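Subject: Structure handover and notes

Hello,

Here is the structure you asked for. My notes follow below it.

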Amino acid sequence: NTDGVVIASSTTTHFELSDFFLRHDKHVNVEKPICHDSMKAKYLIDEFSEKNLVFTVGHSERFNPGFLKIKELIPRPKFIQIKRFNPFKDRALDVSVVLDLSIHDLDLIHHWLNQELNIQSAVGNIQMSSKLDQVMISGKCGDCHFSIESSRQSLNSERSIFAFDHETQARVDLASLEISFQMKKQPVGNLVIEKADHLFLENLEFVSAIVQSRKPKIDPLAAVKALAWAEHVESQCNQKT
């Protein structure tokens, strides 16, 4: 007998599978994005709210030790720049790069500052697939300006966050977990953060929430917000292509 399931299928199947298992009283951890349509995602939330089930979404980058460290160093940044570049691969082509990659960072900024995002501009292009393959997003979250660059057609891989406030600036490589930081009038410091499998931590949190009969750390409502912002980005980009 299965108590819960992890759904790690293509995005376009997330709604159907989540709906099926929730209807059969199973706890669900669905990989990001929650599904391919925010209206359907809201329907899932309504269905979930009527049941005593753990329903969470795998925004696993929240568990990345590099993100956690820069968030600790600069809890209230004035500027955030996130880059997420991958070489082209024949995967996740049922959705755009916004739902494949950028949605990670829309969620991270919202989680970091716990405020709504104001998307001010978004431009992208279609090159290697039938959907957006590259996008640049800028906006504000509270009094913090942010920039997100995502590509699945890059020559090289890069996953990095740069941020600063009035006292500190830092840059972290989310893959190697190397971080450089400088505080006012202090020399640059460098360190390597202890590695951890953030996908494992995501699933461990899911199991812990089931065992402890508590709400999961990643509220599915936050996942719906990230999806809605991603849809807004896609809409802005598609108007310009």
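I start with a proline: Pro33 is in the loop between E2 and H2. Helices (H or I, at least four residues) and strands (E, at least two) are DSSP runs, numbered from the N terminus.

Before the rest, the basis of the values. This is a predicted model, in which local features need pLDDT of at least 70 and side-chain atom pairs count only at pLDDT 80 or more, while totals for chains, interfaces and linings use all residues. Residues are numbered from 1 along each chain as its sequence is written, and side-chain values use heavy atoms, with hydrogens and water left out.

Sheet

E1, E2 and E3 form an open sheet of three strands in the order E1-E2-E3, with parallel pairing; two strands pair if DSSP finds at least two bridges between them. Strand E1 (4-7) and E3 are at the edges with a single partner strand each, so one side of each has no neighbour in the sheet. On average, neighbouring strands of this sheet are turned by 15° against each other, direction ignored. Four bridges join E1 to strand E2 (residues 27-31) in the parallel sense, and Ile7 stands opposite Val30 in E2. Helix H1 (residues 14-23) packs on the sheet and touches E1, E2 and E3, where contact means heavy atoms within 4.5 Å. The direction of H1 makes about 170° with that of E2. Axes are lines fitted to C-alpha atoms, for helices over the stretch in contact, and angles run from 0 to 180 degrees between N-to-C directions.

Cavity and pocket

The search used a 1 Å grid over the protein atoms alone: a cavity is a set of points where a 1.4 Å probe fits but cannot get out, a pocket is an open set with protein on both sides within 12 Å along at least five of seven lines, and lining residues have an atom within 4 Å of a point. Grid points are joined across faces, edges and corners, and a volume is the space filled by probe spheres set on the points.

Over the whole structure, one cavity of 30 Å³ or more was found. The largest cavity has a volume of about 40 Å³. Its lining consists of Asn29, Thr56, Val57, Phe63, Glu202, Glu205, Phe206 and Ile218. Strand E3 (55-58) and helix H5 (198-211) are the elements that give two or more residues to this lining, and H5 gives the most, with three residues. By class, the lining of the largest cavity has four nonpolar, two polar and two charged residues. Ala, Val, Leu, Ile, Met, Phe, Trp, Tyr, Cys and Pro count as nonpolar, Asp, Glu, Lys and Arg as charged, and the others, Gly among them, as polar.

The second largest pocket has a volume of about 330 Å³. It is lined by 17 residues, of which Phe48, Leu53, Arg214, Lys215 and Pro216 are the closest to its centre. Helix H2 (38-49), H5 and helix H6 (220-240) each give two or more residues to the lining of this pocket. Its classes are 10 nonpolar, three polar and four charged residues.

Positive phi

Lys185, in the loop between strand E10 (178-183) and strand E11 (189-192), has phi near 65°, a positive value in a residue other than glycine. Lys185 is exposed, with a relative accessible area of 80%; buried means under 20%, exposed over 50%, and partly exposed in between (1.4 Å probe, protein chains only). Ser213, in the loop between H5 and H6, has a positive phi near 50°. Ser213 is exposed too, at 68% relative accessible area.

Regards
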